[in-house]
Amino acid sequence: MLEALAELVAQLVHIALVLVAAPSLAGATDWFEARLAGRAGPSLLEPFQDLVRLFRKAPALPENASPVLTLAPAVSLAATLSAAALVPSITLGMALSPLADGLVVAGLLSIGRIAGCLAALDIGAAPSGRGAERSSATAVLAEPALLMFVFALALMGGSFSLDQIIGQQRDGLLLPAAASALALTSLLALAYADIAGSAPELYQDLSGIDLAIARFTSWLRQIVWINLIGALFLPIGMAGPRAGIGDSGTGLAAWLIKLVAAAFCLSVVRVMFGIPARQTLSNVLRIAALLAVLAAVIVLSSAGSA
Amino acid sequence: MGSVAVDVPVGSPGLALVFTLDPLNAVFLQIVLLCGGVTLAKMASAGEQAADVAAAAMTIAGLSVTLLAGSAVMLEIGLWSAGLGLWNWGRDRSLPLRVIIAGLLALVALCLLTPNGALDFGAIRATQAMPSRAAAFGVAAGIALLLPIAFRDGFPGSLGTGFLIPTGIYILIRLLIDLPGANVTAWSGYTLMLAGAGGGVAMGWRATGHPDLGGAVDALLRQYGAIAVLALGVCIVGKSSDLPETTCVGLAAAIMLALGGAGLAGTLASLGGSDLARGAGSWRLARLGGLIHTMPLASGVFAVSLLAFAPAPPGLAFAGIWLLLQALLSAPPTGGLIAQIPLIAATVAVAASAGLATATTVRLAGIAILGRPRSARASSALDITRPQAVILSALAGVVLVIGLLPGIMLRALAEPAIGMLSGTSLGARAGWTVLSAAPSMAGYASLPVFALLLLAAGGVVLVTRRYRSEQRLSTIWTGGLPPPTNLPFDVPMAQSAGTGFRPVLPHLPALSRPRLRLDPRPRLGLRAGIWVMLSGVSLLLLASSLAGSSGP
């Protein structure tokens, strides 16, 4: 009973931290980017101020909008929040860890994107439809690459369960190392393509609360990618199941350091590469898929020769 | 559950007209009869022509005979009856011809399997033989039923596909897994894996770009049929390598994808899609749109089927793909890198198919149902009647329940068949709410994931509800520019037409099709005809001499 309560508390704390970290990461990234470009930079709290401002505005819906346009942003946020809740950040063994399956997390990220595309198509305007087309065409490359990455990871860890894979990574049992390195590179490429490739036309007809939800969802998605990279390949400081307050505090500190480092790296990438062209993103996704396949080949060949 | 065989006392004793009912055909028969019953009820309530309803009934009856067949001759009778029904149902003749060809191939396979000329499945099973030629014809028979056809307006091709794909999968299971027993051939498994991989990607690519609603739905059904074939291949490879987990989970994936995906959800998508097309007056996606306002009932039914096809939790297709990837994960890792290439290719194909299926479902939902009507007819479309909505809603409910509780289909319907064929029980792998690869491992809990989604979405809606009190309607923002003036149906025609949902492939000049059009009526002169006849006779003589030299 006490253990279940502790797991539930850990889960709720994780969700609360993720909700606060999403706009904070966006603010920190913008600030780092401005500083690297030689500017003073916006306030770190500007994303929060944007959300408050959008909440106060009266939303305007197109005349032909169906309930899909009202519900889709909520579904997109719900799916992304569910994925964020399943990917551990501070500690393992949270209340929802039995549901933390790699394929389920990939599916939830897919639902988040699908809902955004459906909202854009429901608007019935040419630019939003074009944004939905581009997003779907990119996803035709991105989702298979993500599935191949998850499969390669499962080959190394023996299961699709994230907790099991992270536990093996912490114990140094996620072998072979070459495959693990390729999988990490693949995940980095996928994260970059997803973060840098969000089509702005998808949200141009949203306003008020709907635009606030859409922006928050995109920030939350960045947190999911960072947590995946940090948990699967850099679980340093992460507390194990049924950890005490001290270990959880260490995990929290380690996670905050990872977030700050991720914000800095994101800003460096933005300053160096700017907004990538669509063809560049397609090539990045193809490389990510190829790296994931290579990782799987290395794992299978080493297993066959063992 | 054991098997029951009934001899039909018609014709000579050697004809072996046998009906059989065992766990394998029971699960397929239930789903085909359910889909068939819903289709017939829907057609009758929609006031379809009596001849079409009779033809559909004959098709379903023929497929039922095929599933209940306990001998080669009865299987042939069933497939030919189904082919005859399809011949009378629509104007396209390629599908019934393929069904008849599949029947002939299956008959040849069974004749090659039979000892001493016996055509009864029981006698074939007792010998447990699987000559390579029989396996080849068996593979060809099943795949012939799954080959794509060119969609033509007005022909319910996708409707027939919803029944034919489960029957094709059943024929493959019967010929390649059940009858050979322990002597399954690994190469037939690898062949099915590669055929399923190629078919899944090809049909998925076709579905994302097909301009017609019916063609896209048909391609989507065949895509999942091909993935089910791939899952069967994994099952056969696992059985030949004596891996019960791979066999069991692969077979579960094949049944989930064939019956749940192509069968139940496919029938629902075909019926809903045809209602949308008839109401809007066109099968062309670029002429539809906004049907959620004018045809809410039909749109809702079609949307449920697309939810089932989308490979995202808690959809039905996601459960099947999850099981398939688990089976691939547990596939034999031995045999060196060369032996792993089919497994890698299969995994890449499953991943690619999942991505293409997602794009197709977004495309069909967004272009056909959402947005604004792209034609005058679509803006005044008439919805389906209440009786039709009740019938389709019942099937939609079944599809939703199986997606939320995939273990129900596996435990309640398919577990005896899986146990009979794989030699091991599903057991704790398929709980009522959880699917797992092994009893002690965590897996996919569909209902808790759905509950989590619902909780999160409900929370977001409740928190943001009060901020919508001042919500107002406005016109669509066109970037500050005046709307274009040369469109036949004004601004709604500027919407997406569903043509950009797949990535642009690199141009390969060597693979480009030539643009020259051949003479549609090639004329065969007398000299050419004589050469063709002489070549054919020579080939026959060569074949018979080779057969004679290789005889016992």
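In chain B, Asp242(B) is found in the loop between helix 9 (213-240) and helix 10, where helices (H or I, at least four residues) are DSSP runs numbered from the N terminus. The phi of Asp242(B) is near 60°, a positive value in a residue other than glycine. Pro313(B) and Pro314(B) are joined by a cis peptide bond, with omega at about 0°. Most residues other than glycine have a negative phi, and most peptide bonds are trans.

The model is predicted, so that local features need pLDDT of at least 70 and side-chain atom pairs count only at pLDDT 80 or more, while totals for chains, interfaces and linings use all residues. Residues are numbered from 1 along each chain as its sequence is written, chains are lettered from A and ligands numbered from 1 in the order in which they are written, and side-chain values use heavy atoms, with hydrogens and water left out.

Two packed helices are described by the angle between their axes and the distance between the axes. Axes are lines fitted to C-alpha atoms, for helices over the stretch in contact, and angles run from 0 to 180 degrees between N-to-C directions. Helix 10 of chain B packs against helix 13 (residues 316-329) of chain B at an angle of about 160°, the axes being 8 Å apart. Helix 10 of chain B is therefore roughly antiparallel to helix 13 of chain B, a term for angles over 145 degrees. Their crossing is left-handed, which is to say that the near helix is turned anticlockwise from the far one by less than a right angle; clockwise would be right-handed. Among the residues that meet are Gly260(B) and Gly261(B) in helix 10 of chain B and Gly320(B) and Gln326(B) in helix 13 of chain B, contact meaning heavy atoms within 4.5 Å. The residues of this contact divide into twelve nonpolar, six polar and no charged. Here Ala, Val, Leu, Ile, Met, Phe, Trp, Tyr, Cys and Pro count as nonpolar, Asp, Glu, Lys and Arg as charged, and the others, Gly among them, as polar.

The axes of helix 10 (residues 244-280) and helix 17 (residues 406-422) of chain B come within 10 Å and cross at roughly 130°. The crossing of helix 10 of chain B and helix 17 of chain B is right-handed. The contact is made by residues including Thr247(B) and Leu264(B) of helix 10 of chain B and Pro406(B) and Ser422(B) of helix 17 of chain B. In this contact, 14 residues are nonpolar, three polar and none charged.

Between the chains, 66 residues of chain B are in contact with 69 residues of chain A. The buried area, about 5,700 Å², comes to 74% from carbon and sulfur atoms; buried area is the accessible area (1.4 Å probe) that two parts lose on being put together, summed over both. In chain B, Leu329(B), Tyr467(B) and Arg468(B) lose the most area to chain A, together 10% of what that side buries. Helix 5 (residues 126-157) of chain A and helix 14 (residues 336-369) of chain B pack at about 145°, with axes 8 Å apart, in a right-handed crossing. Their contact comprises twelve nonpolar residues, four polar and one charged.

The count between chain B and chain A is zero salt bridges, a salt bridge being a side-chain nitrogen of Lys or Arg within 4 Å of a carboxyl oxygen of Asp or Glu. Over all chains, the structure holds twelve salt bridges. One of them joins Asp30(A) and Arg270(A) (3.1 Å, N to O).

Definitions and conventions. Helices (H or I, at least four residues) and strands (E, at least two) are DSSP runs, numbered from the N terminus. Angles under 35 degrees count as roughly parallel, over 145 as roughly antiparallel, 65 to 115 as roughly perpendicular and the rest as oblique.
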